[in-house]
Amino acid sequence: MKLRLARRVVPLVAAVAALTAIPTASATQSTPAKPGPHQQFAVGPQYDTTHVYVAPGTEQAFVTSWTSTFGGTTIGPVSTQVTPTPSRTLSELVVSPVGTLSVFDYTTPVPYPFGTERTGWLVTDLDQAVRAARADGAAVTVAPFADPIGRDAVVQFPGGINAQLYVHNAPTSYPALADVPENRLYLSPDSVRAFLDSYLAFTRGRIVSDDRHADGAAIGLPGTTYRLIRLTSGFGTTTVTVTDGHLPHPFGLETTGYGVPDLGATLNRAKAAGATVLSGPARAGGRESAMVRFPGGYVAEIHTDR
């Protein structure tokens, strides 16, 4: 399917407020591995954004390259403050068929710990979600605060995995995704058990597969094996790569993996739009994949499942 670029440049606050109501339950249903005492907080994977921090002054180049590669629409950019302490960023939302991205191009220094969070998850109730995350073994690294269009908090799961939780003041509606992206995590054997206990309890997710002898070609280490765990929940899909940390560049720098019907065609579009293929394509475990760096420095895994 050929994707065409459609781009809207409108103020972020006004655009989000004008969108229609979201569903109150996740479109992705899953059976919890360890049912928690709390409700399901997920709304749907199209509302869960990858946070992309680009090099200063490269926001427009990144967004143009991304939408030329995958298609999609944009909301923004707008200059705003999205942290609880003074800062300024150009903020733009990219709604593409393969995933939603929150893009930040800071014109001031980025206040710590922002920039360490991988994703933003829309939740049904922020305060209850923060309490549940803490009860499920996560640390609340940024307490709830107000931003121009809602409220946010940042939590950290065991293993140092940070996620931003958020709610909007006005309801929003984004289209369903053609392919749900993968939240790609790299953990050590020492932290994976604690991470799974906490993450699955909070997300009310389940383990789809746990391969202790996955083909290392997928992470740039042909002839070796590693542990690969696939998870699913109302927040989408997650892959957990468990290794000794002896990883070749650029593996581990990516936060998200994107599924496409034709990897070769996608890579050709990406290169024509200014992106660089850092590794691959490689075949492993029924998947063909490559690592790509887009203008502004964002590294993504792109794959086709066979």
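**View 1. The buried face of helix 3.** Leu126, Ala129, Val130, Ala132 and Ala133 are the buried residues of helix 3 (residues 126-135); buried here is under 20% relative accessible area and exposed over 50%, with a 1.4 Å probe and protein chains only. Look down the helix axis and these residues fall within an arc of 165 degrees, so they line one face; the arc uses directions from the axis to the C-beta atoms. Over on the other side, Arg131 and Ala135 are exposed. Helices (H or I, at least four residues) and strands (E, at least two) are DSSP runs, numbered from the N terminus. This is a predicted model, so local features need pLDDT of at least 70 and side-chain atom pairs 80 or more, while totals for chains, interfaces and linings use all residues. Numbering starts from 1 along each chain as its sequence is written, and side-chain values use heavy atoms, without hydrogens or water.

**View 2. What helix 3 packs against, and its ends.** Its buried residues pack against strand 6 (139-147), strand 7 (150-157), strand 8 (161-168) and helix 4 (192-203), with contact meaning heavy atoms within 4.5 Å. Just after the helix, Gly137 has a positive phi of about 100 degrees.

**View 3. The second largest cavity.** This cavity holds about 190 Å³ of space. Its lining has 22 residues, with Trp121, Pro181, Asn183, Phe235 and Thr237 nearest the centre. A cavity is a set of points on a 1 Å grid over the protein atoms alone where a 1.4 Å probe fits but cannot get out, and lining residues have an atom within 4 Å of a point.

Definitions and conventions: 1 Å grid on protein atoms, 1.4 Å probe; cavity = no way out; pocket = protein on both sides within 12 Å on 5 of 7 lines; lining within 4 Å. Points joined across faces, edges and corners; volume = space filled by probe spheres on them.
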